[in-house]
Amino acid sequence: MSSVRNLPEQFQQGCDISASRIERNLDALLEAVNTVQPRHQGTRLVETRMVLGFQPSTVAVPQSLPWLRAYNYTGDAANWEPPTTFDNPWRLKATGIPEDIVPELNSGNLLSWEVSWHTEKPTLVKDVTVVMAGYEAEYANTFVYGAVPPTGKAIGGSVDDWCVQLFVDSPLDTDDRKAVTVEKVWTQRKMQAFTLQATQIAGPDTTMQPPHPAAGLNGMLIRLPCFTFIPSGSRVRVAITLPQYPMPGAPAASGWGQYPWNSQVISASIAQLESL
Amino acid sequence: MAQFTKKSFARGVLLTTQHVQTPVDAVATALASASIDGNLPQAPWRMTLNLPFVDSSSQEYQVGTDQQKSCILLPFVMPPPQEAFDSVSWQQPVNFPTLKSISISFDQRAEPYAVTDQYCAASFEGYLTNTDMDRYTLTLELLERLPTILGGTETDFRSVYKIVIPGEETYGNQFVRQNPYLINELNLPINPLRTYVFRLTAHGLYSDNVSTERLALPSFTLSLAGTYPLMNRDTFTPNAPDKTDLLPQTAAVTIPTLVPNQLIDGTSDLQAMFSVFDQHLADRLQSGISDESELAVAEQLDMDAAYSIIAVPMWGSTGQVRCRNATGAGLPYLSGVAPETDPTCDRRVIPVPTGFTVHHIVVVQNLVSYPSPLTTTFAGFGGDVGGNNLYHKVGVSLLAINDHYANQQIGYLEWTRPTIAHQIDLFKMNGTEESFRLHNMPLVAPAGTNNVSSYTLTGNPVYCGSGNSTTDTRNQIGQMPEVFGAGALQSPSTNGIENLLEIRWLIQDAVDGLSNALTLDNVLVGTGGHWVYIIGKQILHRRD
């Protein structure tokens, strides 16, 4: 004889079978199906999605916003009222800085595009996806190291000097970046592992309307599964970080070129699962 | 009112088996037909608007009333699903989305300082400056208006919410900054047939004093969260898995029939009856869809679709572009030589939202360009000033990228000034210059199958979602909207294995060119860029 776990009364041989016990079970059953509680629901998560887009200008010296330096120091303080002290010199953790970049010596830098939001209820970040469309005349990133590669890298080797991370501010010390929780970080990964297509598709792309003036979609599809629980009242941040190698070697260091934000069209997306 | 009721077991009344059998039979029938209502809570929705930057040029023009001064405008609509959209009598739908909270954020490099923009006289963009942080005081106002398609005038707005966020206290405190800044417990009803516009003013970003830095709000993000009642998911939609057509998946629920004076032995008695229901509760009541478009083998819950809106920014990183600076503004795929008759295009590629049914696609054309002589060098207003051959072409498609590369169109819209036929709204924030046009993108539909369940004629809702070897056979789908060529129903070219959604926005004037000298102040891309809103139902997420 099976026992019941979600209803209050058991009925078995030798026990009292009173109307009040039967009614108690019946009431519990009807309440359970009239007002289904979260514990009785198989699915109660809704996927929501935020989208970011950055198609760089093709002018010679392009605008760099929203790409900001990951390292805060006096070397890139404004002229008129420069700050002299910084609370968070390294505002991003664990970016895996390439050896050739030493921002403290003004020798290259890391550039980050950070997006943030405040969660009111607990949520799950399902995935972070970054599509980098390249291999075009205008956006010519090849995602490999160039003729003068950084130290320890081979000419033609896949770049592995980029970083995507998901982090949450400390609830107790919200603006101390040493106290953040880095929930997910992807760094020092070979970009070629994320190649969209084995064979590049030549353009123009007429497989949908309107036809795209350039090639079919070539580049990198970086889909990073997270399934990370975010507590209620959290300040969540996602940062995409690219390397800017010191000049004059930068243009030949890698497919990122001199202006790394300018070498590909970026579409980024963050999916969350939010509870009913 | 409760879905299931029973009579009380009153003292003195003879208890019969029907007192128990009748209500449990009703529950069993509902379980077996996937029609448990369950009085589930309202489902959440989230819409996030991200601008790569807000710079000082958008705040330079400070002449006239508050409504006439320059600002950032972010319009949106939240129409009901097609089955609740009445474009014949324009009756309000029963359910309104509720706006619960707004998160406002930007990147200030984790310091209590401001960030410079590219219009600084003496610093590079993206630098930190220890300026008066009250220059970061933001005013965010939510305006509501009756769209012109419903007879609204172009200049009428009603303020429904306004907040001033003080810069020094919010962003300049060394120890605690509220970035992101959360506004919660709003509980604002969003009228599904109105247009809403966020107006952001941050006039402190701009300074005409050359000894003062000009500032930016990098990666400015508004994340709106709210609720809407759960709905039934759509069935038999184009591109839906043929295996289920998204119909409720049911399985018989067998309960014993009670017999008077029966010995309790657990096989066909009260205990056995309650055990059946107990097992369902222990297994949890099922609904929803997996990442591979699989439904549960047996479902019990009736409603499992949430209202959903995806805001896709287009051309947001370009800055203001008028015909007068089209050559040299860095628009890709152009020759660099006037008159620029080639097309230029922006493209977003995002993961396909699995279990999403597209009901409406709203295209938001940004014409905002205020005078900004000391930043962008535009002396006068920009707007829609002519150029009858200037095309905007916007498309949305499913995209399969794997062994099989293919797009499957789900919506398309193109227009020139003389051929605007799907306009929802046109408004002038300052009373004189056109600010935004909102267009309804028709969904694909074979000839003669359009419906009236949107602002203008459109196709039936389209299912989006990856498939596996059992869910990749899909219902047939149209090839183009009827007004743009229709085409017969056929199997989707993505073969049910779409993994991405592609959105394109192409701008071209093949006759006069994008740098048309006769319409120099025609706005190709307004401040903050264009938007595409993909609106529909998101089926609850089920893990396999």
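**View 1. The contact between chain A and chain B.** In this predicted model, the contact draws on 115 residues from chain A and 137 residues from chain B. The size of an interface is often given as the accessible area lost when the parts come together. Between chain A and chain B that buried area is about 10700 Å², and carbon and sulfur atoms give 58% of it. On the chain A side, the residues that lose the most area to chain B are Q55(A), W80(A) and M208(A), which together account for 7% of what that side buries.

**View 2. A salt bridge between the two chains.** Side chains of opposite charge can pair when their charged atoms come close. Eleven salt bridges are counted between chain A and chain B. One salt bridge joins K6(B) to E23(A), with the closest N and O atoms 2.8 Å apart.

**View 3. A salt bridge inside chain A.** Over all chains, the structure holds 46 salt bridges. E114(A) and R177(A) form a salt bridge in which the closest N and O atoms are 3.4 Å apart. Because E114(A) belongs to strand β3 (residues 109-118) of chain A, while R177(A) lies in the loop between β5 (163-168) and β6 (181-187) of chain A, the pair ties together parts that are 63 residues apart in sequence.

**View 4. Two helices packed within chain B.** Two packed helices are described by the angle between their axes and the distance between the axes. Helix α1 (residues 17-32) of chain B packs against helix α3 (residues 270-283) of chain B at an angle of about 30°, and their axes are 12 Å apart. Angles under 35 degrees count as roughly parallel, and α1(B) and α3(B) are therefore described as roughly parallel to each other. Their crossing is left-handed. From α1(B), the contact is made by V20(B), Q21(B), V24(B), V27(B), A28(B) and L31(B), and from α3(B) by L270(B), M273(B), F277(B) and H280(B). Sorted by class, the residues of this contact are eight nonpolar, two polar and no charged.

**View 5. A helix of chain A against helix α3 of chain B.** The axes of helix α1 (residues 19-34) of chain A and of α3(B) come within 11 Å and cross at roughly 25°, which makes α1(A) roughly parallel to α3(B). The crossing of α1(A) and α3(B) is left-handed. Here I22(A), N25(A), L26(A), L29(A) and A32(A) in α1(A) meet L270(B), F274(B), F277(B) and L281(B) in α3(B). The contact of α1(A) with α3(B) has eight nonpolar residues, one polar residue and no charged residues.

Conventions
Residues numbered from 1 in each chain as written. Chains lettered and ligands numbered in written order. Predicted model: local features only at pLDDT ≥ 70, side-chain atom pairs only at ≥ 80, totals over all residues. Heavy atoms only, no water. Axes fitted to C-alpha atoms, helices over the stretch in contact; angles between N-to-C directions. Helix = DSSP H or I, 4+ residues; strand = E, 2+ residues; numbered from the N terminus. Parallel < 35°, antiparallel > 145°, perpendicular 65-115°, else oblique. Left-handed = near helix turned anticlockwise from the far one by under 90°. Contact = heavy atoms within 4.5 Å. Nonpolar A, V, L, I, M, F, W, Y, C, P; charged D, E, K, R; others polar. Buried area = accessible area lost by both parts, 1.4 Å probe. Salt bridge = Lys/Arg side-chain N within 4 Å of Asp/Glu carboxyl O.
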